[in-house]
Amino acid sequence: MPTTNRTSQDRARRANIAAAAAGAIQPAVPWIPPNGTDSQMQPAGIAWDAVRAPSRIARLALAALCDEAGAVIRDPYNGDLYWLLPAGAGAEWEPLPDVTTYGTACYIEVPPLGRTGGPGPYWIREPRGRLLTHPATLHAALAAAVAEQRPGDRPGAREVHP
């Protein structure tokens, strides 16, 4: 059986994902959201990865997560929600329809602390206390929300009648 050479960065990311799975969810590197009044484009894949879901799926997942959700950003222009996950979790993510992951080489517009309404992106759940969401818990909530959508509710989907 072939062996896989893993870099120290890969091992650190896997350890971070494993720690998140064990409930000890902390960013691999120190991170704080922007201060002041302006949002900032910040790189994913360092302190966190992000998962975006459209509002019709996201609202169901957020309701199912209750207190299990970490920080959540809302894009008021299209209603999408963004969850922050441990760095590297996006690479391990099982794809879901209409759900997008953002990791290394991606940027997310992050609102400043205290912004809980528009204009621009704002926090549905501020990163106070719990910053990151457990990847498996979020995936299960989003998968259930995707499954709950009727075929006619998804863009481009058609209902099939017998």
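This is a short talk on how one protein chain folds and packs.

The model is predicted, so local features are reported at pLDDT of at least 70 and side-chain atom pairs at pLDDT 80 or more, while totals for chains, interfaces and linings use all residues. Residues are numbered from 1 along each chain as its sequence is written, and side-chain values use heavy atoms, with hydrogens and water left out.

I begin with the overall layout. The protein has 4 helices and 7 strands. Along the sequence the order is α-β-β-α-β-β-α-β-β-β-α.

There are 162 residues, and 43% of them count as buried. Buried means under 20% relative accessible area, exposed means over 50%, and partly exposed is in between, with a 1.4 Å probe and protein chains only. The surface comes to about 9000 Å², with 53% of it supplied by carbon and sulfur atoms. Those areas come from the Shrake-Rupley method with a 1.4 Å probe.

Now contacts, meaning heavy atoms within 4.5 Å. Take the contacts between residues at least 6 apart in sequence: 76% of them join residues at least 24 apart.

Next, the inside. In soluble globular proteins, nonpolar side chains tend to be buried together. A nonpolar core here is a set of buried Ala, Val, Leu, Ile, Met, Phe, Trp, Tyr and Cys residues joined through side-chain atoms within 4.5 Å. Which residues touch the most other members of the largest nonpolar core? They are V51, A53, W83, W93, V99, L138 and L142, out of 21 residues in that core. At least two core residues come from each of strand 2 (48–53), helix 2 (55–65), strand 4 (81–86) and helix 4 (135–148). Apart from this core lies another, of 15 residues, including W31, A50, A71 and V110.

If we set aside neighbours within four places in sequence, L138 is in contact with V51, L65, W83, L85, W93 and T133.

That brings me to helix 2 and helix 4. Two packed helices are described by the angle between their axes and the distance between the axes. For helix 2 and helix 4, the axes come within 8 Å and cross at roughly 130°. Axes are lines fitted to C-alpha atoms, for helices over the stretch in contact, and angles run from 0 to 180 degrees between N-to-C directions. Under 35 degrees counts as roughly parallel, over 145 as roughly antiparallel, 65 to 115 as roughly perpendicular, and the rest as oblique. Helix 2 and helix 4 are therefore oblique to each other.

On the helix 2 side, the residues that meet helix 4 are I57, L60, A61, A64 and L65. Their partners in helix 4 are T137, L138, A141, L142, A145, V146 and E148.

Which residues of helix 2 are buried? They are R56, I57, A58, A61, L62 and L65. Their cover includes strand 2, strand 3 (72–74), strand 4, strand 7 (122–125) and helix 4. After helix 2 comes C66, with a positive phi near 50°.

Now the loop between helix 3 (89–92) and strand 5 (100–102), which holds V99. Is V99 buried or exposed? V99 is buried, at 12% relative accessible area. Leaving out neighbours within four places in sequence, V99 is in contact with V51, R52, A53, W93 and L142. The C-alpha atoms of V99 and I57 are 8.7 Å apart, although the two residues are 42 residues apart along the chain.

D98 is in that loop between helix 3 and strand 5 as well. D98 is not a glycine, yet its phi is positive, about 70°. Its relative accessible area is 34%, so D98 is partly exposed.

P54 sits in the loop between strand 2 and helix 2. P54 counts as buried, at 12% relative accessibility. Beyond neighbours within four places in sequence, P54 is in contact with D80 and D98.

A105, in the loop between strand 5 and strand 6 (107–110), has a positive phi near 75° and is exposed at 72%. P119 lies in the loop between strand 6 and strand 7, and a cis peptide bond joins G118 and P119, with omega about 10°.
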